[in-house]
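User: Could you walk me through this model and tell me how the terms are decided?
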Amino acid sequence: MSNLRVLFVTPEAYPLVKTGGLGDVSAALPAALRQLGVDVRLLLPGYPDVLDTVRPAYTDLTLPLLPGIEAAQLRVGLMPDGETPLYVLDCPQLYARPGTAYHDSEGKEWADNDLRFGALSKAAALLGKAEIAQHLDFRPDIIHCNDWQTALVPAYQRYMSGVHPYTLLSIHNMAFQGVFGAQSVPALGLPWESFSLYGLEYYGLMSFLKGGLYYADWISTVSPTYAEEIQTAEFGYGLQGLLHQRHSQLTGILNGIDTQHWNPTADPHLVSPYSTHDLSGKRQNKIHLQARLGLQANPNLPLLGMISRLTQQKGIDLLLPVLREIIAEGAQVAILGSGDKTFEKALCKVAEDLPGLVSVTLGYDESLAHQIEAGADIFLMPSRFEPCGLNQMYSMRYGTVPIVRRTGGLADTVVDTTPLTLDAGTATGFVFEHSDPATLLKTVQQALLLYRYPDTWQQLQRNGMQRDFGWTQSAQQYLALYQQFLD
Ligand code: ADP
């Protein structure tokens, strides 16, 4: 283990708690960094599932967090990988509730999310203090914060005495900013002085993310293209100016994927494993998927898959107007996801009208997600914006050719199919430019045309399957970033 110590603070980490890509990253990146010799430890809120699964031991460390909030106890355990040390912030008043990490059972955001995640940020800042760290035998050199829920760490540090660890704030999605009324400032135990243009203030409100972007020593985001995009009005949500100002301390590092968990040669969710050398098992998975989802049992029909939060970001509104036309081209579509109720309803209506051709499964289903990645021929990801995106990488690894919009991490990971890229053996998918249904339909038609040429199609599949999307390279880039603080 090197001397470098990193506290990785995050609101979610797979498999304990996951609502999206951040959960995957928070499990895989620390594990990959530990492989490189960094002493990384996680800090997570004590949601019931986290406490139940991890059963960590109590420490005698009690952390005073926010005004009027009971002190939290810090528990210590291990992530389910059995290797990564985990600190859990046990504060029943804030976290012992049903529902998800961010929402109640009705899907409404918890009204006190400012306090729930302010407390998490405050705890991380406290763990950076020498007098607290001595109880744990671990004092971080760097606190690696993730998204708005942890973005106040550097703001808390700013108003604490003593010397503090460096802070890196990783943005996984600019669309989520943690914006609350000004009254949150004193409730979070921060001084009014912090509520200024040069701090937390955001158009008269207070923004966790803005505070983080302002106070953190360095900022990273999850793909080089997204690092550029968020400096523009289209993607910056009003913070593009600040991001542009800090562009020399802004780095884009592509996420990796967990290549053990997502491995078509040894995936326990699949009925038949397969590999680059022998793709025949993929057909068995397709037959199984068609049967499971009640789709017509015909492995010769091209099957398009989609696994996604059903939101505007993911381009569901681009797909809906052309879904019937895609089916008319002789394809099947399998969708798994949940989100916006209007989109859920509209998709279910199409599935009802086209039984055996369109399948919509609402909800979260890890096993089905693996089976769709394996059983589909084409993966749809028409996102309006996509900081990094994981599913397009899973797809390529599973020989499922992705159709994506040219944005963020999709632009950085998928190589469009052209005569030139086909010749060069680099083509891995289909990339379109404009966010409109007609362009999406045209791109699907192009893909379906090529699907009729099995040799070329298999070449495309193999090109994608051979790409290395593992975490090692990304972890090395994070390590280089950490090291530059200490040089
Ligand atoms: P985002 O984080 O914006 O939702 P990503 O593509 O970065 O999108 O990551 C999404 C992750 O969540 C992937 O691991 C994907 O497989 C998973 N996922 C999304 N929706 C579902 C679902 N309904 N069931 C199972 N897994 C899902």
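Analyst: Gladly! Helices (H or I, at least four residues) and strands (E, at least two) are DSSP runs, numbered from the N terminus. By that naming, Pro15 sits in the loop between β1 (5-9) and α1. This is a predicted model, where local features need pLDDT of at least 70, side-chain atom pairs count only at pLDDT 80 or more, and totals for chains, interfaces and linings use all residues. Residues are numbered from 1 along each chain as its sequence is written, and side-chain values use heavy atoms, with hydrogens and water left out.

User: What makes the peptide bond from Tyr14 to Pro15 cis?

Analyst: Its omega is near 0°.

User: What stands out about phi of Asp147?

Analyst: Phi of Asp147 is near 65°, a positive value in a residue other than glycine. Asp147 lies in the loop between β6 (142-146) and α6 (153-158).

User: Why are α20 and α21 called roughly perpendicular to each other?

Analyst: Two packed helices are described by the angle between their axes and the distance between the axes. Axes are lines fitted to C-alpha atoms, for helices over the stretch in contact, and angles run from 0 to 180 degrees between N-to-C directions. Angles under 35 degrees count as roughly parallel, over 145 as roughly antiparallel, 65 to 115 as roughly perpendicular and the rest as oblique. The axes of α20 (residues 437-451) and α21 (residues 454-465) cross at roughly 115° and come within 7 Å, so α20 and α21 are roughly perpendicular. In the contact (heavy atoms within 4.5 Å), Ala447, Leu450 and Tyr451 of α20 meet Pro454, Thr456, Trp457 and Leu460 of α21.

User: What makes α1 roughly perpendicular to α22?

Analyst: Their axes cross at roughly 70° and come within 9 Å, with α22 covering residues 472-486; α1 is therefore roughly perpendicular to α22. Leu29, Ala32 and Leu33 in α1 meet Ala475, Tyr478, Leu479 and Tyr482 in α22.

User: How do the residues of that contact of α1 with α22 divide?

Analyst: Ala, Val, Leu, Ile, Met, Phe, Trp, Tyr, Cys and Pro count as nonpolar, Asp, Glu, Lys and Arg as charged, and the others, Gly among them, as polar. The contact of α1 with α22 has seven nonpolar, no polar and no charged residues.

User: Which residues come nearest the ligand?

Analyst: A residue counts as near if one of its heavy atoms lies within 4 Å. Of the 20 residues around the ligand, Gly21, Asp24, Arg309, Lys314 and Gly363 come nearest. β13 gives the largest share of the shell, three residues.
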